Amino acid sequence: MINFQFTIFCFSYSRQVFSARIQTHRPRENYTSGLRGQENFHQVLSSLLCLLVFCSVSFFSPNIGQARERITAFNSVVDVLGSGQLVVEETITVVSENEQIRHGIYRDFPTDYIDSSGKNHIVDFSVVSVERDNFEESFHTKKTGNGVRVYMGSKNVLVPPGVHTYTLRYKTDRQIGFFDDHDELYWNVTGNHWIFPIEQASVTISIPAPGGIRKFEMFTGAVGSRDSYGKLVRQSSDSITLATTEPLPPQSGFTVVVSWPKGLVKNPGALQRFLWSFRDSLFLILAVLGTLLLFVYYFINWQRVGRDPKPGTVIPRFKPPADLSPAAARYVLKMSYDKKALAALLVNMAVKGIVRIEQKKKEYTLFLLHRETAGLSPGEQAVRKALFGGSKKIRLVRKNNESIQMAIVGLQKVLRRDVANIYFKLNRTILIPGIILTIAIIICVVLASQDVSAAATITLWITMWSAGVTLLLYQMIEKWRAALRRGSGLSPKLSALIITLFFLPFFGGWCLGASVLYKTVPLPGVFIFCFLFILTIAFAYLLKAFTIPGRKILDELEGLKMYLTLAEKDRLNLLNPPEKTPELFEKLLPWALVLDVEQQWCDQFSEIFTRMNNQVHSHYQPMWYYSSHGFTANSFSSSLGDTLASTISASSVAPGSSSGFSSGGGGGGFSGGGGG
């Protein structure tokens with residue numbers, strides 16, 4: 001049998017919808033009677049259509065044809081105390097069919113609010129008692145995204161089908177609005193997120209003393225609705241009763257605004273407002289204090305261990321540091337391993353006559369000329385063993401990635417052993433407490449957000465995404481630095497362009513995530529996140545420091561770089577400079593690679609090589625290097641610099657492991673507004 005009450009509810013609700021639609025097109029009073037008749041015709045037609053639709057749904061839906069679970073009455077009594085606290089009793093009558101209502105019901109009460117200025121407000125909420133059918137009922141509460149959920153019932157007790165009345169009593173504060181000429185209660189009576197229809201709702205609001213309730217308003221419907229299907233039931237000098245005149249569909253609520261003269265409710269003093277503000281912003285305050293503490297911690301440690309020794313006097317030097325290989329010097333200079341360290345090492349081995357480098361188009365092949373280890377540095381010995389363990393040649397292609405990767409790992413191990421903590425210190429252990437404090441600060445910002453779950457999700461995502469974007473940005477800057485270096489060819493510029501195009505969509509994703517973060521966490525929290533990111537990156541770099549021996553090596557390398565890049569007119573002013581010979585060129589070429597001045601060093605010998613090539617018996621061609629493109633100073637510098645380093649880096653990756661592509665207040669009230 002069709003549920004008559006539900007049909008009436010559906011019809012009433014649909015009539016509201018169609019009436020609202022027609023009212024927007026209602027003719028003015030001076031329209032002709034013909035138009036008014038047309039309006040009446042539309043009203044009758046809309047009502048008939050609604051009745052037809054919902055009767056059809058009632059017949060063809062088996063669930064609607066049965067008695068539905070619903071709230072038949074939601075009656076609330078709100079006592080406003082002189083202290084500003086509210087004592088509320090809600091009587092909720094429900095029909096249970098053991099579908100959704102099996103062990104009881106729950107009531108969500110928001111306690112965290114964001115006002116029109118973006119400030120957070122936290123109200124107190126405490127349950128006094130819960131009853132079901134006039135008997136005490138068990139209950140428990142649980143923190144939700146922006147409030148408290150009260151579960152009325154027990155998971156071990158099944159509610160019998162039928163009509164049941166739940167009575168919830170609770171206390172809350174900070175719900176009164178204090179204005180210049182009046183005080184008011186803007187109160188969401190029912191809440192707006194019930195999954196059940198509410199057939200009738202009412203509220204009785206009592207003020208502390210007879211003083212006259214000045215005015216009132218009512219709003220019904222979904223959140224943001226300004227419909228007002230309500231009525232005044234009763235009013236006296238110290239109380240008012242308001243009720244709905246139409247059923248409330250699911251996800252709809254009943255909101256009222258009641259005002260009274262000032263002086264009936266105590267206005268909170270300055271101290272109380274300060275304590276409330278402190279509580280509202282407690283986690284943000286902790287985050288700010290934590291950020292200041294983090295800066296002080298990093299700054300003190302930077303002053304203690306992160307400052308480099310003062311540089312010495314730098315003069316042009318004709319010889320490289322005696323105690324370091326080119327790879328070790330590169331490691332000291334960068335305070336880490338990079339792909340050019342192995343390239344400089346291989347060129348140095350070639351100059352020594354240990355290996356021969358051949359370049360055919362873009363492919364490099366290394367030939368082992370002899371296996372003697374005398375005169376080789378520990379790093380060169382590790383690389384020779386890894387690359388030429390069972391043969392005398394190796395092509396720098398991905399097929400040989402295991403041997404190339406083994407050479408890189410072996411070189412890194414030797415450099416860490418012989419260079420790190422001797423010439424510089426990374427001081428990474430100092431970052432550990434800083435990272436722990438940073439995580440605590442981030443947690444405080446997340447907890448200060450209204451929706452903690454959403455804030456935690458976007459914060460975790462943006463943190464990981466920022467790390468990836470930062471890495472790509474660093475690689476892009478390095479690529480462009482190499483591409484814009486004087487004498488660089490087309491290949492570095494193309495590589496820089498490709499990584500830039502690859503970086504842009506990732507940066508776009510980061511911007512999208514940042515916009516979501518901006519809407520999810522408080523605005524001060526966004527600034528704190530940005531400051532934490534900059535602080536961590538900056539001090540991870542600043543805490544690295546050269547030792548006194550490392551400072552001495554830097555001065556020597558700076559002096560060598562000065563000599564390698566001197567113009568010819570300045571070179572004449574040097575005291576006893578070495579003669580510019582092919583032997584000197586080859587001896588210092590690995591060091592020019594280390595210092596990123598290989599192009600300038602080759603330019604120093606360009607005229608000499610041209611003059612030699614014009615002579616019959618003086619053609620210059622390095623014995624340890626062959627190129628199918630022929631030998632010129634310009635091509636030679638780029639081939640043995642960034643191109644060789646990039647080839648080594650690319651060939652150390654296993655085939656198939658990466659892509660092959662080169663790619664305000666004053667707006668009035670509405671349903672769902674206010675406390676409660």
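pLDDT is the predictor's confidence in each residue, on a scale from 0 to 100. This is a predicted model, in which local features need pLDDT of at least 70 and side-chain atom pairs count only at pLDDT 80 or more, while totals for chains, interfaces and linings use all residues. Residues are numbered from 1 along each chain as its sequence is written, and side-chain values use heavy atoms, leaving out hydrogens and water.

The protein has an average pLDDT of 82, and 82% of the residues score at least 70. Over residues 53-67, pLDDT stays under 50; the model gives this stretch 18 contacts (heavy atoms within 4.5 Å) beyond four places in sequence. Residues 658-666 also stay under 50, with seven such contacts. Where pLDDT is low, the predicted coordinates should not be read in detail.

## Two nonpolar cores

A nonpolar core is a set of buried Ala, Val, Leu, Ile, Met, Phe, Trp, Tyr and Cys residues joined through side-chain atoms within 4.5 Å. Buried means under 20% relative accessible area, exposed means over 50%, and partly exposed lies in between (1.4 Å probe, protein chains only). The largest core has 70 residues, and Leu-342 and Trp-601 are among those with the most contacts inside it. Helix 6 (residues 339-351) gives the largest share of this core, nine residues. Helices (H or I, at least four residues) and strands (E, at least two) are DSSP runs, numbered from the N terminus.

Leaving aside residues up to four places away in sequence, Leu-342 touches Tyr-337, Val-383, Ile-408, Leu-411 and Ile-648. A second, separate core of 44 residues includes Ile-71 and Leu-168.

## A covered helix

Is helix 5 mostly covered or mostly open? Helix 5 (residues 326-334) is mostly covered, with seven of its nine residues buried, including Arg-330 and Tyr-331. Its cover includes helix 6, helix 8 (401-418) and helix 13 (548-564). Just after helix 5, Met-335 takes a positive phi of about 60°.

## Two loops to look at

Asn-134 sits in the loop between strand 6 (125-132) and strand 7 (135-136), and its phi is near 70°, a positive value in a residue other than glycine. Asn-134 counts as exposed because its relative accessible area is 69%.

Asp-596, in the loop between helix 15 and helix 16 (598-604), has a positive phi of about 60° although it is not a glycine. Asp-596 has 19% relative accessibility, so it counts as buried.
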